[in-house]
Every structure is written in C-alpha cells, then in structure tokens.
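Here are some notes to read alongside the structure. Please keep the sequence at hand and find each residue as it comes up.

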Amino acid sequence: MLDFVRPSYNMNCPCSHIPLTDEQLTKVIKKYDSNGDRYLNKEDLKEVFRQLGSTAPIWRAARAHHHADKNGDGRIDMTVELDQQVKYARKHGYILASACCKK
C-alpha cells in the first residue's frame, strides 16, 4: 500500500518528494467508491483525503466536493466529474511519502 502526505507535513524532510500523477490520483480516488455505484459521496471523499494524508480530511472533503460537484446532485460522478476531483487534489500538492516523511 502506498503512503501519502502533503508536502508541508515535514518541511525539514531531506528526501525528494514524488508528485502524484493524475493517473495515480485517479486510482487512489476510485478505490474509495464504498458501494460500487461509480459515485463518491462526502464520506467517501473523507476517506480519500484521510488516505492522502490530509490533516483536516472532513474540511478538505467538503471543499473538494464543492469544487468537483458541478451538477449539484450531492455526489461526484466518476464518469463525468472525477477529473475535477483529481484536479483539486493535484492543486493541493499530494505526494508519495518516503520513509523519512512518516516519522
């Protein structure tokens, strides 16, 4: 399992961080579709940002939901709106965590 952190998590970290690609973010986000309906609700998004290492996953999920839910139906359609979710996560700089980042 990959571990993720935000870059600001450990600013003194001597390692080089690896930015997540859109494809990697898409894979991470897709696996949190809790009921397999190809939609993400706010609870699913909280788990996404918890896994991505957010220090405030509830707040981040609410902001991401607001950013990506373009049709206003209360959920993220993974066939239409997922690219907006990926764009939001990428904008906020999630990276792969190396061993020194997890201390």
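1. The model is a predicted one.

2. Start with the order of the elements. Read from the N terminus, they run β-β-α-β-α-α-β-α-β. Of the 103 residues in the protein, 41% are buried. Among contacts with a separation of 6 or more, 68% are between residues 24 or more positions apart.

3. The record has something to say about one stretch. UniProt, in an unreviewed entry, places the feature "domain: EF-hand" at residues 20–55. In the model, the chain over residues 20–55 is 53% helix and 6% strand.

4. Next, look at α2 and α3. Their axes come within 8 Å of each other and cross at roughly 120 degrees. An angle of 65 to 115 degrees would count as roughly perpendicular and one over 145 as roughly antiparallel, so α2 is oblique to α3. The crossing of these two helices is right-handed.

5. Which residues of α2 and α3 meet? From α2 they are K42, L45, K46, F49 and R50, and from α3 they are P57, I58, R60, A61, A64 and H65. Sorted by class, this contact has six nonpolar, one polar and four charged residues. For the spacing of such positions, recall that an α-helix has 3.6 residues a turn, so residues three or four places apart point the same way.

6. Now take α3 with α4. Helix α3 covers residues 57–68 and helix α4 covers residues 82–91. They pack at an angle of about 135 degrees, and their axes are 9 Å apart. The two helices are therefore oblique to each other. The crossing of α3 with α4 is right-handed.

7. The residues that meet here are R60, R63, A64, H67 and A68 in α3, and Q84, Q85 and Y88 in α4. By class, the contact has three nonpolar, three polar and two charged residues. R60 and A64 are among the α3 residues that meet α4, and R60 and A64 are also among those that meet α2.

8. Which residues of α4 are buried? They are L82, Q84, Q85, V86, Y88 and A89. These buried residues pack against α1, α2, α3 and β4, where α2 spans residues 42–51 and β4 spans 76–77.

9. Just after α4, G93 takes a positive phi of about 70 degrees. Y94 lies in the loop between α4 and β5. Is Y94 buried or exposed? Its relative accessibility is 3%, so Y94 counts as buried. Y94 is 73 residues from T21 in sequence, yet the C-alpha atoms of the two are 9.7 Å apart in space.

10. Last, check R38, which sits in the loop between α1 (22–30) and β3 (39–40). Its phi is near 70 degrees, a positive value in a residue other than glycine. R38 has a relative accessible area of 42%, so R38 is partly exposed.

Key: Residues numbered from 1 in each chain as written. Predicted model: local features only at pLDDT ≥ 70, side-chain atom pairs only at ≥ 80, totals over all residues. Heavy atoms only, no water. Axes fitted to C-alpha atoms, helices over the stretch in contact; angles between N-to-C directions. Helix = DSSP H or I, 4+ residues; strand = E, 2+ residues; numbered from the N terminus. Parallel < 35°, antiparallel > 145°, perpendicular 65-115°, else oblique. Left-handed = near helix turned anticlockwise from the far one by under 90°. Contact = heavy atoms within 4.5 Å. Nonpolar A, V, L, I, M, F, W, Y, C, P; charged D, E, K, R; others polar. UniProt positions renumbered as here; feature names shortened; annotations may be inferred. Buried < 20%, exposed > 50% of the residue type's maximum accessible area, 1.4 Å probe, protein only.
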